[in-house]
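Student: I would like to learn how to read a fold, one feature after another. Where do we begin?

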Amino acid sequence: MPVEITWWGHATVTVEDSGTRVLTDPLFVRRLAHLRRRRGAVPPAAAAVADVVLVSHLHADHLHLPSLARLAPGTRLVVPRGAPAAVPGLGRLVAARGLRISEAGPGDVVRCGEVRIRAVHAEHDGRRLPYGPHRVPALGYVVHGEAATYFAGDTGWFEGMADEVGTVDVALLPVGGWGPFLGHGHLDAGRAARALARLGAPVAVPVHYGTYWPIGMDGVRPHEFHAPGEEFVRLAGRLAPKATVHRLGHGESVRPLGAV
């Protein structure tokens with residue numbers, strides 16, 4: 001069965017591999033606090049259908065409780081270790097919805113169906129105020145099935161990243177953000193292209209850009225909203241010329257050849 005990747009916007013992706021549906025960082029709203037969805041429709045109900053859901057870190061645009069409430073009872077939920085203690089509403093939601101929760105740290109492996117999911121380090125301040133950044137670290141994940149698919153979550157480049165992630169077939173890499181400036185612990189299009197070159201993945205899909213933008217800031221550095229995907233394609237062509245980059249539209253799917 002071919003591996004299929006669907007990008008719903010921001011960091012929300014469905015990876016179908018070996019008959020298992022893996023959903024990352026679900027965010028199914030038109031507005032979140034000061035952020036407004038400016039591109040792509042809110043994902044349909046089918047987007048919330050998954051066997052296992054991966055949460056990379058505690059920021060509200062990645063661990064979004066109302067979106068998790070759309071999951072069917074019995075769905076496996078993988079979160080950074082310590083997340084239920086840091087976010088009491090998460091524990092209440094898990095109990096109310098009948099979700100099966102697993103806490104993970106770098107190196108831990110969770111099995112679901114025919115895939116195994118390995119948590120890896122992410123270089124990102126994953127705190128959910130008022131909790132400190134070291135209590136619940138940010139994670140990336142590698143989904144191992146017919147392919148090895150790396151979901152980076154939010155991360156900056158860090159020494160040893162390629163060794164930490166290992167050999168992968170598909171890299172889902174953040175290339176932007178939700179505001180006019182990216183702080184420490186993020187990849188922009190250029191850094192993501194350099195990361196792709198070092199990872200050596202033959203297939204890449206840019207994510208975490210071109211979806212949400214602060215209300216009232218439409219005119220502030222708008223190229224940072226529109227351009228990162230195209231810029232990543234251009235720079236990856238120069239820095240990782242052997243890689244195939246699929247720049248998906250919202251709700252668009254791809255079955256990347258060579259990833260099965």
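Tutor: We go through sheet, strands, aromatic pairs, pocket and backbone angles in turn. Keep in mind that this is a predicted model.

Student: How many bridges join β10 to β11?

Tutor: Strand β10 (residues 115–121) is joined to β11 by six bridges, and the two run antiparallel.

Student: Where does the parallel pairing come in?

Tutor: Between β12 and strand β13 (residues 170–174), which pair in the parallel sense over three bridges. Look at Phe151: its bridge partner in β13 is Leu172.

Student: How do I read the two faces of a strand?

Tutor: In a regular strand the side chains alternate between the two faces of the sheet. Take β11. Leu139, Tyr141 and Val143 lie on one side, Gly140, Val142 and His144 on the other, and all are buried. That is six of the six residues of β11.

Student: Which residues of β12 lie on each side?

Tutor: In strand β12 (residues 148–151), Ala148 and Tyr150 are on one side, Thr149 and Phe151 on the other. These four are all buried, and both faces of β12 are covered.

Student: Next, aromatic pairs. How many does a search of the whole structure find?

Tutor: Two. Read the distance between centres, then the angle between planes. Trp7 and Tyr209 form a stacked pair, 5.4 Å centre to centre with 10° between the planes. The pair links distant parts of the chain, 202 residues apart. Trp7 is in strand β1 (residues 4–9), and Tyr209 is in the loop between β14 (203–207) and β15 (212–214). Both Trp7 and Tyr209 are buried.

Student: Why is the pair of Trp213 and Phe225 edge-to-face?

Tutor: Look at the angle. The ring planes of Trp213 and Phe225 stand at 75°, and over 60 degrees counts as edge-to-face. Their centres are 5.4 Å apart. Trp213 belongs to strand β15 and Phe225 to helix α6 (residues 223–226), 12 residues apart.

Student: What lies over the face of Phe225?

Tutor: Arg38 does, at 4.7 Å from the ring centre.

Student: How do I find a pocket?

Tutor: Rolling a probe the size of a water molecule over the atoms shows where empty space is left. In this model the largest pocket holds about 280 Å³ of space. Its lining has 17 residues, and the closest to the centre are His34, Leu35, His59, Asp61 and Trp178.

Student: How does the lining divide by residue type?

Tutor: Into seven nonpolar, seven polar and three charged residues.

Student: Last, the backbone. Which phi values deserve a second look?

Tutor: Most residues other than glycine have a negative phi, and most peptide bonds are trans. Ala33 has a positive phi of about 55°, although it is not a glycine. Arg221 also is not a glycine, and its phi is positive, about 45°.

Student: Where do Ala33 and Arg221 sit?

Tutor: Ala33 is in the loop between β4 (31–32) and β5 (35–37). At 59% relative accessibility, Ala33 counts as exposed. Arg221 is in the loop between β15 and α6. At 34%, Arg221 counts as partly exposed.

Key:
Residues numbered from 1 in each chain as written. Predicted model: local features only at pLDDT ≥ 70, side-chain atom pairs only at ≥ 80, totals over all residues. Heavy atoms only, no water. Phe/Tyr/Trp six-rings, centres within 6.5 Å; stacked < 30°, edge-to-face > 60°. Buried < 20%, exposed > 50% of the residue type's maximum accessible area, 1.4 Å probe, protein only. Lys NZ or Arg CZ within 6 Å of the ring centre and 35° of its normal. 1 Å grid on protein atoms, 1.4 Å probe; cavity = no way out; pocket = protein on both sides within 12 Å on 5 of 7 lines; lining within 4 Å. Points joined across faces, edges and corners; volume = space filled by probe spheres on them. Nonpolar A, V, L, I, M, F, W, Y, C, P; charged D, E, K, R; others polar. Pairing = 2+ DSSP bridges.
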